[in-house]
There are 2 protein chains.
Amino acid sequence: MGSDAAQRLNDLWGEVADIGTAAALLGWDQETHMPAGGAAGRASVMATLAGIAHAKLTSPELADAIDAVEDEAGDDPVGLAQAREARREHERAAKIPEDLARALAETTSRALVSWQNARAADDFGVFRDDLAEVIRLTRERADALTDGAGNPYDALLDEYEPGITEQSVAQLFEGLTPALSALVKAVAASGVAVDESPARGEFPSARQMELGIDVATKMGFDFDSGRIDKSAHPFCSSMNPGDVRLTWRWDETDFRPALLGVMHEAGHGLYEQGLPPELARTPIGGAVSLGVHESQSRLWENLVGRSRAFWSWAVDPVRHAFPDHPPFAVEDMWRALHVVRPSLIRVEADEVTYNLHIAARFEIERRLVRGDVTVDELPAVWDDTYEDLLGIRPQSAADGVLQDIHWSMGAFGYFPTYTIGNLVASQLYEAARAELGDFESAFEEGEFSPLLDWLRDRVHRHGSRYLPDELVDRATGHPLSPEPFLTHVRRICEDNYGVTA
Amino acid sequence: MGSDAAQRLNDLWGEVADIGTAAALLGWDQETHMPAGGAAGRASVMATLAGIAHAKLTSPELADAIDAVEDEAGDDPVGLAQAREARREHERAAKIPEDLARALAETTSRALVSWQNARAADDFGVFRDDLAEVIRLTRERADALTDGAGNPYDALLDEYEPGITEQSVAQLFEGLTPALSALVKAVAASGVAVDESPARGEFPSARQMELGIDVATKMGFDFDSGRIDKSAHPFCSSMNPGDVRLTWRWDETDFRPALLGVMHEAGHGLYEQGLPPELARTPIGGAVSLGVHESQSRLWENLVGRSRAFWSWAVDPVRHAFPDHPPFAVEDMWRALHVVRPSLIRVEADEVTYNLHIAARFEIERRLVRGDVTVDELPAVWDDTYEDLLGIRPQSAADGVLQDIHWSMGAFGYFPTYTIGNLVASQLYEAARAELGDFESAFEEGEFSPLLDWLRDRVHRHGSRYLPDELVDRATGHPLSPEPFLTHVRRICEDNYGVTA
């Protein structure tokens, strides 16, 4: 990328990336530090930056620079990837008419408020009209993206997970949902009640913070190139590989949310810190997709953080952090960390049931986008789907159709990336084991670098050079499959509940 | 401002203001929260935003909108003020060629580093070449601003304090410097040593924080529309009147820096929180000048925070915050807060000597800009000037010419605004007393709203509708004068040292 054309693309793209970074910092600040009185002024700053980024992303100069880079790339895979990613974002932005973009911004900002009110009042009716309008505009957006031909839901999915389609996601769920549904029902029928007391007690937040920072540091998260703050909902936000920010929250009666939460966010953070610095501010400098991002957080949270090997080490730091907490056996902690219980709320779901929550949303939103389900039918369809997949039925809209923020933001096509993340995590973990042998025994010494180094090499350092599918295939030697994940959850159900399905 | 032209100007200006707000947040974050690894990436984001703001500020659309607003303003003072302020900034930006702006940005960013190194090594030679280049480019900038005619230093001063000139500043110092110099020498000769023990001891930072927040709240600073964080150098940064951010630092052996520091920054913050919300994002929505800004901080720090009336109230909260600190009489605290001592370092200077530090800088930089002093002569000229004005001579460059960051940033013409701030503060305070009577007795009850309300009415609510001179004249009934300030410091010297001069 040393040519004039490449330099021109990088200069233009660098400005778009810089504006994105400024917006990311504004967003981070809004969730962590902004005083309440700053909200109104903040909204206009965000809108101005979005408008400028859109203008730059759709500019003819950028289109020319992309053409030039593609023309001269020949067989150079990096040049081709730069042109591909830049074109992808340029075209997506250019296809949305300005009127539609503005209508979506206005409607979703209104819908966010009515969603919050509806949820607080447990009344779907409060959200109904705004949601209907969001769906209408989202369909319009999908039509614009597909030029009125092709599958609109594909266009929505592609925004978060380049290259996936409704059909490929449906295929994944076909291999996953029946097996999970059967497992969950078998666990419910087993009558086994797991003792969760090893994870419960009194855990002062200051001690939880120290423990969490200690664990994230051991994982390899570099606090000289990152930080952690409190927020209502945990997230990871990156300015650049040298400035990656995590957030968390605590439950003073249960240390699992903070500890596993920080491992989850630090997993995202390790990916961001491991992105190639030499590609920063270029079209392929960022993370490849939401699904692959989620694979990194889930891998550290669930496959490392809940493992027996991790706990063989963690038992000491936990004892040190909470000296009044009764001693526990590693196996008992393992059991408390692998409770399986059908529940109504996605964000509280365990590893085994989690993807059933996503399966439900995928089924519902593809029908919504297709027009097979109306907004008025939505609450009942939601409840029926839960009963079908999880064997339980919401008794209120707040515990059902109103629980997620995503649709109020127009984020249709986002949910499947959570399941993709879970599947990729297991597939990567299995591939690492096949290649490295027993890296888990190092966990017992608080040593995670063999695993991290492997992830750096197979995932992080590539940025968005490959499409997600290709990245997974190259990293693991196989196309994405539900099998490694199913093997993992079957083991949980067998070890903890004595059930197979 | 309801016309089409006014709307167009506000739309265009709003974008410039929004970019400025994003940059302000990035700057705040850099000093308070950014991890070390974020520095490199942050610089490019700042440069991109600066470039975009410059392009928008110099655009022909904006120039047209300004013309249109001016044309139709007729006698409407608000419309005329909007056009005046917008044109001022538009023309300043348009007059600086892009090459020069880039050269200045590059040179000052290099000079900042060499200044830091020079200061650490106590070696002016390390800074010499970069400073020479900054001065050369600054002269070029001043010539561009004056179109090669007129006084270049006037053009530099005008950036920070619209309307002031080298001559008007020189006149202020003529009325100020000899009197201060005589006072300081008389104090030094008095042989009186003030007991500072009431302010010294052990003051845990957590308690200092609680006390500082309590005092700022009493002053009227609204923490729902603001916050406070730690930083190496205290400052106030505002996103909008609903989001105003203060910073501070502590000395655990002396509570004065934190307490008076927070009153200083909260004074700035009250001005920002009191700016007219209906003028936000318009050309006259911001603070009028650095000098008037500094008047607000100095007024609260020095005229309120060091007053006997304030301490009649503060003695209790201080006792509560530091129960181990020995009880003190209000008069003894007053004395400890009014120590006068010629010193080499500006930022540690007391109220009486402070403006002599500024007088020195003003004399030196006007000669530098005029070309009467060369960079190589600078260290000796600095030391001579200090000996002349303060009666003491720096023994090292670090304690002399290298102490301030300003020149490394190309901020020539900035220093005088500190003195203007001190003078305006005293003049406002005297005018408030003449009008309101004894508002200080309310301080004894921890009640500051009569004073704040008066400042809101006379200063804050006007934004930049008036030029600084006019604002001061309208607020106090008189043009700016050194007399109220001199009356104030003469009283200090007489009460604490028994000297008159």
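**Salt bridges, helix packing and backbone in a predicted model**

Asp129(A) is exposed, with a relative accessible area of 53% (buried means under 20%, exposed over 50% and partly exposed in between, with a 1.4 Å probe and protein chains only). Its salt-bridge partner is Arg128(A), and the closest N and O atoms of the two are 2.9 Å apart; a salt bridge here is a side-chain nitrogen of Lys or Arg within 4 Å of a carboxyl oxygen of Asp or Glu. Arg128(A) is partly exposed, at a relative accessible area of 26%.

The structure is a predicted model, in which local features need pLDDT of at least 70 and side-chain atom pairs count only at pLDDT 80 or more, while totals for chains, interfaces and linings use all residues. Residues are numbered from 1 along each chain as its sequence is written, chains are lettered from A and ligands numbered from 1 in the order in which they are written, and side-chain values use heavy atoms, with hydrogens and water left out.

Over all chains, the structure holds 92 salt bridges. One of them joins Asp158(A) to Arg92(A), with 3.3 Å between the closest N and O atoms. This pair links distant parts of the chain, since Asp158(A) sits in helix H7 (residues 152–160) of chain A and Arg92(A) in helix H4 (residues 77–95) of chain A, 66 residues apart; helices (H or I, at least four residues) and strands (E, at least two) are DSSP runs, numbered from the N terminus. Both Asp158(A) and Arg92(A) are buried.

Arg141(A) and Glu159(A) also meet through their side chains in a salt bridge, at 2.2 Å from N to O. Arg141(A) belongs to helix H6 (residues 125–145) of chain A and Glu159(A) to helix H7 of chain A, so the pair ties together parts 18 residues apart in sequence. Arg141(A) counts as buried at 11% relative accessibility, whereas Glu159(A), at 32%, counts as partly exposed. A network of salt bridges links Arg84(A), Glu85(A), Arg88(A), Arg92(A), Arg141(A), Asp158(A) and Glu159(A).

Turning to helix packing, helix H8 (residues 166–190) and helix H16 (residues 416–436) of chain B pack at an angle of about 60 degrees, with their axes 11 Å apart. Axes are lines fitted to C-alpha atoms, for helices over the stretch in contact, and angles run from 0 to 180 degrees between N-to-C directions. H8(B) is therefore oblique to H16(B); angles under 35 degrees count as roughly parallel, over 145 as roughly antiparallel, 65 to 115 as roughly perpendicular and the rest as oblique. The contact (heavy atoms within 4.5 Å) is made by Val169(B), Leu172(B), Phe173(B) and Leu176(B) of H8(B) together with Pro416(B), Thr419(B), Ile420(B) and Leu423(B) of H16(B).

Helix H5 (residues 98–121) and helix H6 (residues 125–145) of chain B pack at about 150 degrees, with their axes 9 Å apart, and H5(B) is thus roughly antiparallel to H6(B). Residues in this contact include Leu104(B) and Trp115(B) of H5(B), and Phe127(B) and Leu137(B) of H6(B).

Finally, two backbone angles deserve a look. Most residues other than glycine have a negative phi. Asp122(A), however, has a positive phi near 50 degrees; Asp122(A) lies in the loop between helix H5 (98–121) and H6 of chain A and is partly exposed at 36%. In chain B, phi of Asp147(B) is likewise positive, near 55 degrees. Asp147(B) is found in the loop between H6 and helix H7 (152–160) of chain B, and counts as exposed at 58% relative accessibility.
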